[in-house]
Amino acid sequence: MRSRGQVVSALLVLALVATGGVFLQREVGPRALAAGPAGVAPSGAWFCPHGGGTDWQVTLELANPGPNPARVRVTELSGGKPSKPASFTIEPGTELQVPETASARGASSMIEYFDGWVAAGWVAHAGGGETGVAAEPCLSQASGVWHLPDGTTRENEDAYVVVMNPFAVTATVTIVLYTDDGEPIRTGDWTNLVLKPHRSEAFHLNANALGYGTVSAQVDAATGRVVAATLGVSALGGLRSGVGVPGELPRQVILPGGFDQGRTDLVIMNPGDSRPTVTGTVLSADASQAIASLGQEGPNAASTQTYPVTTGGPSTIVLQSSAGVAVARRTYGVVSDQGSTEGASAPARAWVILPAVAGYPNHPGLVLANPGTEPAEVTLSFMPAGTAPVPGPVTVEVPPGRTVAVPKSFVDAKPFAAVLAVASTGTFVPAAASYSLGKEGFATYAVSLGVPIPEEWAPA
C-alpha cells in the first residue's frame with residue numbers, strides 16, 4: 001500500500017509540474033537562452049594541403065590581427081603517423097613563420113588556434129630538381145565534397161590532388177575526374193579509397209587521365225570529412241597550388257591578380273547536369289571590359305574547359321554564372337613559373353594578405369579589387385615578424401569596378417611581412433602576386449588570395 005501511495009504522489013507531482021510548464025509557456029513565453037560569458041576567446045583550425053617533395057621548403061604564414069596574444073598548435077600530416085604538435089604564441093599585430101617538413105608529395109599541415117583569431121597560409125618552394133614557388137591561404141573548414149578545377153596532364157605537366165583527413169575517424173573518398181574531352185573518368189582504384197585518421201595523401205591525376213589540356217577533380221567523402229587542394233608541377237619549371245571549393249558552388253567568383261606576362265587561363269569546372277550561361281568582366285586599373293572569349297555558354301554538363309584571357313598589370317576577373325561552377329585563374333610569370341587562385345565569392349571589409357615570396361631577391365606585389373559600386377578606402381599596415389620598427393600605414397582608394405596596385409614603395413619595405421588591410425568605406429578583394437629568387441628576383445612567381453577577417457574580429 002505504501003508503494004502504491006508513493007507512485008500516486010509522484011504522478012501528482014509530475015502533473016503539477018507539467019501544468020505549470022504549460023501555463024508559463026502560454027503566459028510568459030519561451031525563456032531565452034542565457035548569453036555565454038563575456039570575453040570568451042575563440043578557437044578554431046586551419047587546414048593546409050600544401051603538398052611537398054624532395055628538398056622542398058614549405059613555410060606556414062600565420063598572422064594575428066587581434067589585440068591579444070594568440071596560441072597556435074601545428075601538426076604535420078602525411079601518409080604515416082602525424083608529427084608531434086608544436087606550440088607557438090603569436091603576439092598582437094604580428095606574423096609568425098613556421099618552416100615545415102614536407103618531403104612527401106601528399107604532405108599537409110593542421111593549425112589549431114586559441115585565445116584569438118589568426119590568418120593562415122603557406123609558401124612552398126620546390127626543390128630536388130623541381131622548381132617554382134606556390135602560395136595559397138589555408139582552408140577554414142572540412143567538407144564531404146570538394147571541387148578542384150585547376151589541372152593539366154599534357155607532356156611535361158603533372159597534376160596532383162592532395163587530400164587530407166585531419167580528424168580521428170576514417171574517411172572513405174571517391175575521386176572523379178572531369179576533362180575537356182569526353183565523359184567523366186571514374187576508376188575502381190579511386191573509388192571508396194580509405195584515408196586513415198590524421199593522414200594526408202596525394203593522387204597523381206596523370207595516372208588516370210593522361211594527355212588532357214584541362215583536368216578537374218571532384219572528391220566525395222562517403223564517410224568522414226576531408227580537405228583538398230590541387231598541386232601542379234611543370235618539368236619546364238613552375239609550381240602552383242589551388243585550394244578546393246567545398247560544398248555548394250557559387251554563381252559569382254572574383255579572381256584578382258597581376259604583374260604577369262599578360263597571359264591568363266580561366267578554368268571553369270561544371271559538375272552539373274546542364275550547361276550554364278556565363279559572363280565575365282576584367283577589372284583593370286582604368287577600365288572594365290567584358291571577356292569576349294567566354295561567349296555566353298560555359299562548359300558542357302559534367303565537364304571542364306579552359307578559356308584564354310588577355311590581362312595586363314593589376315587585373316581582376318569577375319565571373320557570373322547561371323549555375324554554380326568551380327573556377328580557377330591560372331596566370332604565367334615573366335619567366336616560366338605559374339600562379340593559381342580559386343578566388344573569392346564575395347568582397348569583404350577587412351583582410352589579412354599573407355606574403356607570396358620565398359627569398360631574396362624579390363619583387364613583391366599587392367593588388368586590391370573593388371567589384372562594387374562605391375569607392376573603397378583601404379588602409380594597409382604591416383604585421384611583421386618580431387619587434388623591429390616598420391613603416392607606417394598607407395591608404396589607397398580603389399574606385400568601383402577597378403583593380404589597383406598597392407604602391408611599390410610600401411610593399412618593398414617589408415616583403416616577408418603580412419599586411420592588414422581594412423576599408424573605412426566599401427569592400428574589396430586583395431591578393432599577393434609576387435616574384436622571387438634567381439639572379440634578378442624574377443625566377444619564380446606566385447599568387448595568393450587574401451584571408452577575410454570575420455566581421456566580429458575585424459578592426460574598426
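Reader: Is R71 buried, partly exposed or exposed?
Author: First, a caution: this is a predicted model. Buried means under 20% relative accessible area, and exposed means over 50%. R71 has 42% relative accessibility, so R71 counts as partly exposed.

Reader: Which residue forms a salt bridge with R71?
Author: R71 sits in strand β3 (residues 70–77). Its partner is in the loop between β6 (108–114) and β7 (119–125), 44 residues apart from R71. The closest N and O atoms are 2.7 Å apart, and the partner is D115.

Reader: Is R330 buried or exposed?
Author: R330 lies in strand β24 and forms a link to D265 in strand β19 (residues 263–270), 65 residues apart. That link is a salt bridge, with the closest N and O atoms 3.7 Å apart. D265 has a relative accessible area of 9% and is buried. R330 has 4% relative accessibility, under the 20% cut-off, so R330 counts as buried.

Reader: Which residues are joined into one network with R330 and D265?
Author: Some salt bridges share partners. Through them, R330 and D265 are joined with D150, R240 and R263.

Reader: Which strands are at the edges of the open sheet of five strands?
Author: The order is β30-β29-β32-β26-β35, with antiparallel pairing. An edge strand pairs on one side only.

Reader: Which residue in β35 is the bridge partner of V352?
Author: Strand β26 (residues 350–353) pairs with β35 over two bridges. The pairing is antiparallel. In β35, the partner of V352 is V451.

Reader: What accessible area does the nonpolar surface patch with V334 have?
Author: V334 lies in the loop between β24 (326–332) and β25 (338–341). At 45% relative accessibility, V334 counts as partly exposed. V334, V335 and F442 form the patch, and together their accessible area is about 240 Å².

Conventions:
Residues are numbered from 1 along each chain as its sequence is written. This is a predicted model: local features need pLDDT of at least 70, side-chain atom pairs count only at pLDDT 80 or more; totals for chains, interfaces and linings use all residues. Side-chain values use heavy atoms; hydrogens and water are left out. Patches are made of residues with over 30% relative accessible area and no salt bridge: like charges are joined within 9 Å, nonpolar side chains (Val, Leu, Ile, Met, Phe, Trp, Tyr) within 5 Å. Accessible areas come from the Shrake-Rupley method with a 1.4 Å probe; for residues, only the protein chains shown count as cover. A salt bridge is a side-chain nitrogen of Lys or Arg within 4 Å of a carboxyl oxygen of Asp or Glu. Helices (H or I, at least four residues) and strands (E, at least two) are DSSP runs, numbered from the N terminus. Buried means under 20% relative accessible area, exposed over 50%, partly exposed in between (1.4 Å probe, protein chains only). Two strands pair if DSSP finds at least two bridges between them.
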